[in-house]
Amino acid sequence: MTVDEIYLMLANLLNDAIDEDFQFANIYIDRLDKYVASEGRYTNLHNEQIKIEELGFRFANAMAIHELHSITTEGGHNRWNKLKFTLYPTGKFEMDFIWD
């Protein structure tokens, strides 16, 4: 997968999991060598933050995150083990790569 395809995959996961209008939505991802965990949340039009109970994050999604990590850290640059993906209703998105 390309980086753009992975970003689209994350956006689709959020869009498929949310059945109401929203201000923005997030996927929070923790990544280690053989481990990926994810959690989704969104803020609805009433400013309520809602946890996404079934994000639909599967093995193939985890493998894509490992691939994204490999691509973005190639050459020893841009170390990260956490990722925050923010999606807006317009389709605009933001990525925050976090190293802790």
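1. The model has an open sheet of five strands, ordered β3-β2-β1-β4-β5, with antiparallel pairing. Its edges are β3 (49-52) and β5 (93-98), each of which pairs on one side only. Neighbouring strands are turned against each other by 20 degrees on average, direction ignored. Helices (H or I, at least four residues) and strands (E, at least two) are DSSP runs numbered from the N terminus, and two strands pair if DSSP finds at least two bridges between them.

2. On provenance: this is a predicted model, in which local features need pLDDT of at least 70 and side-chain atom pairs count only at pLDDT 80 or more, while totals for chains, interfaces and linings use all residues. Residues are numbered from 1 along each chain as its sequence is written, and side-chain values use heavy atoms, with hydrogens and water left out.

3. Strands β1 (residues 22-32) and β2 (residues 35-44) run antiparallel and are joined by ten bridges. A hairpin of two residues connects β1 to β2. Within this pairing, Asn26 has Arg41 of β2 as its bridge partner, and Asp30 has Ala37 of β2.

4. β1 also pairs with β4, again in the antiparallel sense, over six bridges. Here Ala25 stands opposite Leu87 of β4.

5. There are four salt bridges in the structure, a salt bridge being a side-chain nitrogen of Lys or Arg within 4 Å of a carboxyl oxygen of Asp or Glu. One of them joins the side chains of Arg41 and Glu39, at 2.9 Å from N to O. Arg41 has a relative accessible area of 24% and is therefore partly exposed; Glu39 is also partly exposed, at 31%. The classes are buried under 20% relative accessible area, exposed over 50% and partly exposed in between (1.4 Å probe, protein chains only).

6. A salt bridge also forms between Glu54 and Arg58, with the closest N and O atoms 3.1 Å apart. Glu54 is exposed, because its relative accessible area is 51%.

7. Which side chain meets Asp100 in a salt bridge? The partner is Lys82, at 3.7 Å from N to O. This pair links distant parts of the chain, since Asp100 lies in the segment after β5 and Lys82 in strand β4, 18 residues apart. Asp100 is exposed at 57% relative accessibility, whereas Lys82 is partly exposed at 26%. Through shared partners, salt bridges join Asp30, Lys82 and Asp100 into one network.

8. Helix α1 (residues 3-17) lies across β1, β3, β4 (82-87) and β5, at about 60 degrees to β4. Helix α2 (residues 59-72) lies across β1, β2, β4 and β5, at about 75 degrees to β1. Axes are lines fitted to C-alpha atoms, for helices over the stretch in contact, and angles run from 0 to 180 degrees between N-to-C directions.

9. The axes of α1 and α2 come within 10 Å of each other and cross at roughly 140 degrees. The two helices are therefore oblique to each other; angles under 35 degrees count as roughly parallel, over 145 as roughly antiparallel, 65 to 115 as roughly perpendicular and the rest as oblique.

Conventions: Contact = heavy atoms within 4.5 Å.
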